[in-house]
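Subject: Structure handover

Hello,

Here is the structure I said I would pass on. My notes on what was found in it follow below.

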Amino acid sequence: MSNSELLPIYIDAYRLTQDIFRCTVKFPKEYKFLLGAGLNEAALKLCCLISEANHCREKSSLLDEFLSAIERIKLQLRLCADFKILSCQQQALLATEIEKLIKQAVAWMKCERRKKSVPSVPESETTQSYSE
């Protein structure tokens with residue numbers, strides 16, 4: 001367990017959160033509350049989930065929830081694009097950051113699965129004397 005804020009996935013999630021906050025500040029009034037606040041809340045949740053997963057033994061469920069939260073963000077961003085709330089440049093930036101987060105989360109999940117599939121050797125067998 002390390003400090004969550006030093007993890008590359010946390011850093012990227014935080015960067016995405018900052019970029020989403022910057023974008024939603026400029027949302028038109030009619031979209032600011034529903035889409036803007038929803039995006040801000042979902043982005044903050046990403047950072048919280050990474051921090052929780054980093055400090056928890058069972059990471060799979062939290063990483064699944066992380067990926068679900070990303071899907072909600074993607075849906076909301078698609079609506080923003082359809083309503084022409086975000087520029088093409090903003091959409092491209094956010095899409096790139098999201099894809100990077102998805103790759104990192106999937107890689108982390110695979111690593112956790114590999115750890116579970118490797119049989120652990122009981123301590124008594126590793127510390128046993130060879131003088132028998």
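Lys 45 is partly exposed, at a relative accessible area of 31%, where buried means under 20% relative accessible area, exposed over 50% and partly exposed in between, taken with a 1.4 Å probe on protein chains only. Its side chain meets that of Glu 65 in a salt bridge, 3.1 Å from N to O. A salt bridge here is a side-chain nitrogen of Lys or Arg within 4 Å of a carboxyl oxygen of Asp or Glu. The pair links distant parts of the chain, with Lys 45 in helix 2 and Glu 65 in helix 3, 20 residues apart. Glu 65 is also partly exposed, its relative accessible area being 32%.

Before the rest, some ground rules. This is a predicted model, in which local features need pLDDT of at least 70 and side-chain atom pairs count only at pLDDT 80 or more, while totals for chains, interfaces and linings use all residues. Residues are numbered from 1 along each chain as its sequence is written, and side-chain values use heavy atoms, with hydrogens and water left out. Helices are DSSP runs of H or I with at least four residues, numbered from the N terminus.

Other salt bridges

The count of salt bridges comes to 6. One of them joins Arg 22 and Asp 19, whose closest N and O atoms are 2.7 Å apart. Both residues lie in helix 1, 3 residues apart, or about one turn of the helix. Asp 19 is buried, at 10% relative accessibility, whereas Arg 22 is partly exposed, at 47%.

Glu 71 and Lys 74 form another salt bridge through their side chains, at 3.5 Å from N to O. They sit 3 residues apart in helix 3, so about one helical turn separates them. An α-helix has 3.6 residues a turn, so residues three or four places apart point the same way. Glu 71 is partly exposed at 43% relative accessibility, and Lys 74 is partly exposed at 31%. Elsewhere, salt bridges with shared partners join Asp 12, Arg 15 and Lys 100 into one network.

Aromatic pairs

How many aromatic pairs are there? The count is 2. Rings of Phe, Tyr and Trp (its six-membered ring) pair if their centres lie within 6.5 Å, and planes under 30 degrees apart count as stacked, over 60 as edge-to-face and the rest as tilted. Tyr 10 and Tyr 14 are stacked, because their ring centres are 6.5 Å apart and their planes are at 10°. The two are 4 residues apart in helix 1 (residues 8-25), about one helical turn. Tyr 10 is buried, with a relative accessible area of 15%, while Tyr 14 is partly exposed at 42%.

Tyr 31 and Phe 83 are stacked as well, at 5.2 Å centre to centre with 25° between the planes. Tyr 31 lies in helix 2 and Phe 83 in the loop between helix 3 (60-82) and helix 4 (88-117), so this pair ties together parts that are 52 residues apart in sequence. Tyr 31 is partly exposed, at 23% relative accessible area, and Phe 83 is partly exposed at 44%.

Helix 2

Helix 2 covers residues 29-54, which is 26 residues. From its first C-alpha to its last it reaches 37 Å, close to the 38 Å expected at 1.5 Å a residue; the expected span is 1.5 Å times one less than the number of residues. Helix 2 has a kink of about 35°, centred on Leu 35. The bend at a residue is the angle between axes fitted to the seven residues ending there and the seven starting there.

Regards
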